[in-house]
Amino acid sequence: MRLLLALLVALLAALQYKLWFDDGGLRDVWELERSLAARMQENARLRERNRALAAEVEDLKTGLEAYEERARLEMGMIGEGETFFRVVEPEAKREAAEGGSASGETGE
């Protein structure tokens, strides 16, 4: 009877070891669940980026507003009937911003 009990305890211990630590055990399941959660977050982020890109493509296909906005921002263009104003800093402010390098100082 004791031998049978010892055999059953040993079998239970071996099965518990396989359950907790062996390949495909609970540790691997938890790691896969963490990996799955990370992938789902990444997929949600990429889905949102794709949605924004699709909206931009649709905007570029259907309207001129997107073209005008890009021309203004990226190329500095202005539209017909618009007035362009250029703000120029005074010379003293510009030299101070450049750190005195325009005045010929070498720093030696």
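Glu48 and Arg51 are joined by a salt bridge, with 2.6 Å between their closest N and O atoms. The term salt bridge is used here for a side-chain nitrogen of Lys or Arg within 4 Å of a carboxyl oxygen of Asp or Glu. Both Glu48 and Arg51 belong to helix H2, where they sit 3 residues apart, about one turn of the helix. Glu48 is partly exposed because its relative accessibility is 42%; buried stands for under 20% relative accessible area, exposed for over 50%, and partly exposed for what lies in between (1.4 Å probe, protein chains only).

Before going on, a word on what you are looking at. This is a predicted model, in which local features need pLDDT of at least 70 and side-chain atom pairs count only at pLDDT 80 or more, while totals for chains, interfaces and linings use all residues. Residues are numbered from 1 along each chain as its sequence is written, and side-chain values use heavy atoms, with hydrogens and water left out.

Read from the N terminus, the order of elements is α-α-α-α. Of the 108 residues in the protein, 5% are buried. The protein exposes about 10,300 Å², and carbon and sulfur atoms supply 60% of that area; accessible areas come from the Shrake-Rupley method with a 1.4 Å probe, and for residues only the protein chains shown count as cover.

Back to the charged pairs. The whole structure holds 5 salt bridges, among them these:

| Pair | N to O distance |
|---|---|
| Glu48 and Arg51 | 2.6 Å |
| Glu31 and Arg34 | 3.2 Å |
| Arg72 and Glu68 | 3.9 Å |

Glu31 and Arg34 are about one helical turn from each other because they are 3 residues apart in helix H2. Glu31 is partly exposed at 43% relative accessibility, whereas Arg34 is exposed at 52%. In helix H3, Arg72 and Glu68 are also separated by about one helical turn, being 4 residues apart. Arg72 is partly exposed, with a relative accessible area of 34%, and Glu68 is partly exposed at 43%. A network of salt bridges links Glu68, Arg72 and Glu82.

Patches are built from residues with over 30% relative accessible area and no salt bridge, joining like charges within 9 Å and nonpolar side chains (Val, Leu, Ile, Met, Phe, Trp, Tyr) within 5 Å. Glu58, Asp59, Glu65 and Glu69 form a negative patch. Helix H2 (26-62) and helix H3 (65-75) are the elements that give two or more residues to this negative patch. For charges, Lys and Arg count as positive and Asp and Glu as negative, with His and the chain ends not counted; the place of a charge is NZ of Lys, CZ of Arg, CG of Asp or CD of Glu. Asp59 lies in helix H2 and is partly exposed because its relative accessibility is 35%.

Met1, Leu4, Leu7, Leu8, Leu11 and Leu15 make a nonpolar surface patch of about 690 Å². Leu11 is placed in helix H1 (residues 2-20), and with a relative accessible area of 49% Leu11 is partly exposed.

How confident is the predictor? Its confidence in each residue is the pLDDT, from 0 to 100. The protein has a mean pLDDT of 82, and 90% of its residues reach 70 or more. Among its elements, H2 has the highest mean pLDDT (92) and helix H4 (residues 91-98) the lowest (74). Where pLDDT is low, predicted coordinates should not be read in detail.

How values were computed. pLDDT is the predictor's confidence in each residue, from 0 to 100.
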